[in-house]
Amino acid sequence: MVAFYEPENINVRFCADEKLTVAVDEWQRWLKTERRCSGHTVAAYSRDLAEFLKFVKEYTEETPSFKILADLAVTDFRAYLSARTGDGISRTSLARNLSTLRNFFKFLERNAVLSNPAVSVLHAPALPKALPKPVTQEQAFDMIKTAAELQKEEWMKRRDVAFVMLLYGCGLRISEALALDVKDRPRSDMMTVFGKGRKERAVPVLPAVRSAIEAYLRVRPDGAKPNTPLFIGAQGERVNPGVMQRQIRRIRDELGLPASVTPHALRHSFATHLLNGGGDLRTIQELLGHESLSTTQRYTGLNAEHMMDVYAHAHPRAKK
């Protein structure tokens, strides 16, 4: 008997025999209660599974069942992924499809329903590395201004302003900024930063950034002794990255900025605005602390067309 299953509040229909239908129901319930997935995530996983079972029915010309799923070979799963690619879905969606299958089959195996090792052999497609989109200069200035308006205590207002200015003005990673101690704060036009792998680099510091940090330290309630963390939380301990990430979310929500605006986006904006202002790629590489120039090229969004344009205007032989 074929059972058509339509889960509550999710507009998805499954074609499977009765036992498999019950298993799908239990899997969804497990996603909601045990994994605590959001309704959106459960709906997305459910649509992926529905597409897979629909493919299995057409591919095998049989109603999907435990036996059918257990007998599927690697080539069968690859045929499904190939079919989905033919449908025009993105690599990101294809990777999620595969994640759904692994999740469902692992659930069935944990419940001693069936085991099919072929699923674990499959590899997700390589995904493009998404970079945060830079904010405009005006948006960066608005973020600094808004940072001073969302806290009740004066020292926290100044802390948030100093934090935003340090990320945007110096291109620091959030981990680099929060690892600083009071004694590490910039006292001149340059400051030393320890990046990934404890690699040391020198970063120029604008007077406005130094002033913002000093203004914050002057009103900090603990006296800001040299060996204490530069950025502290309400309890006086080194502030947690999640706290500052939450503050950036509050700022962007207040300004109506997109979700792509994160602490790392401020670092990306630093690099992009330097590049747009005429900064050379090799210098920006040093300021960001990148090992490879190609990393900086991707990071700043510099493409081959722009590089050729720079070459055509700058190289003496290109002008002949």
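A residue counts as buried here if its relative accessible area is under 20%. I start with that cut-off because phenylalanine 107, at 6% relative accessibility, falls on the buried side of it. Please keep in mind that this is a predicted model.

Let me stay with phenylalanine 107 for a moment. Which ring does it pair with? The partner is tryptophan 30, with the two ring centres 5.5 Å apart. The planes of tryptophan 30 and phenylalanine 107 meet at 45°, so this pair is classed as tilted. Tryptophan 30 belongs to helix H1, residues 18-33, and phenylalanine 107 to helix H5, residues 91-110. The two residues are 77 places apart, and the pair links distant parts of the chain.

That is one of 12 aromatic pairs found in a search of the whole structure. Another joins phenylalanine 77 and phenylalanine 105. Their ring centres are 5.6 Å apart, and their planes stand at 80°, so this pair is edge-to-face. Here too distant parts of the chain are linked: phenylalanine 77 is in helix H4, residues 74-86, and phenylalanine 105 is in helix H5, 28 residues away. Are these two rings buried or exposed? Phenylalanine 77 is buried, at 0% relative accessible area, and phenylalanine 105 is buried as well, at 5%. Both belong to one aromatic cluster, whose members include Trp27, Tyr45, Phe52 and Tyr80.

Next, the nonpolar cores. The largest one has 43 residues, and the members that touch the most others are Phe163, Leu166 and Phe231. Which elements supply it? Those giving two or more residues are helix H7 (137-147), H8, helix H9 (174-178), strand S3 (190-194), H10 and helix H11 (241-255). H8 gives the most, with 11 residues. Looking at phenylalanine 163 itself, and ignoring residues up to four places away in sequence, we find it touching Ile174, Ala177, Leu178, Phe231, Met244 and Ile248. Apart from this core lies another, of 34 residues, with Val24, Trp27, Leu53 and Leu81 among them. As general background, nonpolar side chains in soluble globular proteins tend to be buried together.

Now to H8, which runs from residue 154 to 170 and contains alanine 162. Alanine 162 is buried, with a relative accessible area of 0%. What does it touch? Beyond its neighbours within four places in sequence, alanine 162 is in contact with Ala212, Ile213, Tyr216 and Phe231.

Helix H10 covers residues 207-219. At 1.5 Å a residue, its 13 residues should span 18 Å, and the end C-alpha atoms are 19 Å apart, which agrees. The buried residues of H10 are Val209, Arg210, Ala212, Ile213, Ala215, Tyr216 and Leu217. H8 is part of what covers them. On helices in general, there are 3.6 residues a turn, so residues three or four places apart point the same way.

Valine 121 sits in helix H6, residues 118-121. At 39% relative accessible area it is partly exposed, because that value falls between the 20% and 50% cut-offs. Where does valine 121 make contact, leaving aside neighbours within four places in sequence? Its partners are Val74 and Arg78. Valine 74 is 47 residues away along the chain, yet the C-alpha atoms of valine 121 and valine 74 are separated by 7.2 Å.

Methods
Residues are numbered from 1 along each chain as its sequence is written. This is a predicted model: local features need pLDDT of at least 70, side-chain atom pairs count only at pLDDT 80 or more; totals for chains, interfaces and linings use all residues. Side-chain values use heavy atoms; hydrogens and water are left out. Helices (H or I, at least four residues) and strands (E, at least two) are DSSP runs, numbered from the N terminus. Buried means under 20% relative accessible area, exposed over 50%, partly exposed in between (1.4 Å probe, protein chains only). Contact means heavy atoms within 4.5 Å. Rings of Phe, Tyr and Trp (its six-membered ring) pair if their centres lie within 6.5 Å; planes under 30 degrees apart count as stacked, over 60 as edge-to-face and the rest as tilted. The expected span of a helix is 1.5 Å times one less than its number of residues. A nonpolar core is a set of buried Ala, Val, Leu, Ile, Met, Phe, Trp, Tyr and Cys residues joined through side-chain atoms within 4.5 Å.
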